[in-house]
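Hi there,

Here is the structure I promised to send over. Have a look at it first, and then read on for what turned up.

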Amino acid sequence: MAYTVPKLKDFSAAALDKAAEKLLAALERESAEITAEADWKTFRDRWMARKNGVLTQLNDLWLKAAPKDAKRDVGQKVNELKRQVEDAIEAAQKKSGGAPLSRLESDRVDISLPGIPRKIGAEHPVIKTMNEIVSVFRNLGYSVQEGPVVETDYYNFEALNFPLNHPARDTQDTLFIAGQESKPQSERLLLRTHTSPVQIRTMEKIKPPIRIVIPGKVHRNDPPDASHSPMFHQVEGLAVDTNITFGDLKGTLDHAMKALFGSSVKTHFRPSFFPFTEPSAEMMVSCFICGGSGRRGSEGCRPCKQTGWIEILGCGMVDPNVFEFVKDNGYDSRKVSGFAFGMGPDRIALLKYGVDDLQLFFQNDIRFLRQFA
Ligand code: PHE
């Protein structure tokens, strides 16, 4: 009669040993009867098959059925028996001259299965736009500089020719860091309202001539709506050398706009004011949505408010008062001159991709962002 695993009533060590002995005797008897490979396979399946093999029954009838306090001993016994069964099967296989080791077979890793795909993500549309702007200027020989988002009053205002208590500071809707009152004004911390402080930080470090672009985050106390956000981005530019003129400013920015928006866009400068540039200007580009006509078919063009022009950046010639703050590093306003500009990549991305709500860029809804991947 073929061996079957008995249900145990008694889980004591002695009873276990006795039951194990019977099992091992059966194992020996059956393996001794093996002569051909086919016998071995039957033998293997009888003992090792997941479904109803002797080992599986051992698990179910002995281990699982064991009372709590006997579980540990039964577990050890079952494991020991498992090893003995596996060894017997291996030995029997060699004897029968059979196929590759069953354990190798079952442990095999199928390397032809496809791997687990890793999603690598994609550039955010604003970052993508910033990188495009930066690379236009890198191609002109500009290098990239960065600076801290938490900035001092000195770099954000004072050294940019915003005198203390000057009303020009009010235009910047500044978010101040709390608890700074005990410090001198110039050391008090705030969230930078523009990337212009990095102009000063860079001129302190690097002697003229310099040509740099400064991408980064800025903050202003603007409630969020379709075209405003308390956090947004800027790309700043600064070129200082001997004999830099407003003509260089116009030529450089005109080239950059054509590189960004297509060779047919036109640029237009109109006077403006910034404390750190003199003269200052706002630059417009001809609307690349309607081609400058202000109309789209029978309707007015919305992005340019039917004017045919889109305001894209602020710029100007570096004010000599700014050079005063870095004159010890070679910025003598009688010898060098420069231009600076700052633009908002968030707005440019809105226009470029025809998105009508700035908030979509910052809500991180994957369904929105995926469209730019
Ligand atoms: N910093 C200015 C702003 O944020 C932009 C600007 C930069 C203007 C450089 C002139 C020169 O509005």
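A word on residue classes before anything else: Ala, Val, Leu, Ile, Met, Phe, Trp, Tyr, Cys and Pro count as nonpolar, Asp, Glu, Lys and Arg as charged, and the others, Gly among them, as polar. Please keep in mind that this is a predicted model, in which local features need pLDDT of at least 70 and side-chain atom pairs count only at pLDDT 80 or more, while totals for chains, interfaces and linings use all residues. Residues are numbered from 1 along each chain as its sequence is written, and side-chain values use heavy atoms, with hydrogens and water left out.

Let's start with the largest pocket. (A pocket is found on a 1 Å grid over the protein atoms alone, as an open set of points where a 1.4 Å probe fits, with protein on both sides within 12 Å along at least five of seven lines; lining residues have an atom within 4 Å of a point.) Its volume is about 1500 Å³, taken as the space filled by probe spheres set on the points, which are joined across faces, edges and corners. The lining comprises 49 residues, and Ser227, Glu311, Ile312, Gly344 and Arg347 lie nearest the centre. By class, that lining splits into 20 nonpolar, 16 polar and 13 charged residues. Strand β10 gives the largest share, seven residues (strands are DSSP runs of E, at least two residues, and helices runs of H or I, at least four, numbered from the N terminus).

The ligand sits in this largest pocket, meaning that more than half of its atoms lie within 2 Å of the grid points. Around the ligand are 14 residues, each with a heavy atom within 4 Å of it. This shell has five nonpolar, seven polar and two charged residues, and β11 supplies the largest share of it, three residues.

Which side chains make polar contacts (pairs of N or O atoms within 3.5 Å) with the ligand? His194 has a side-chain N or O atom 3.0 Å from a ligand nitrogen. Arg220 places a polar side-chain atom 3.0 Å from a ligand oxygen, and for Gln234 the distance to a ligand oxygen is 2.9 Å.

Finally, some backbone details to look at. Most residues other than glycine have a negative phi, and most peptide bonds are trans. The bond from Pro208 to Pro209 is cis, with omega near 0 degrees, and the one from Glu278 to Pro279 is cis too, with omega near -5 degrees. Pro279 is in strand β7. Asp173 has a positive phi, near 40 degrees.

Best wishes

Definitions and conventions: Polar contact = N/O pair within 3.5 Å; in protein donor to acceptor, adjacent residues only side chain to side chain.
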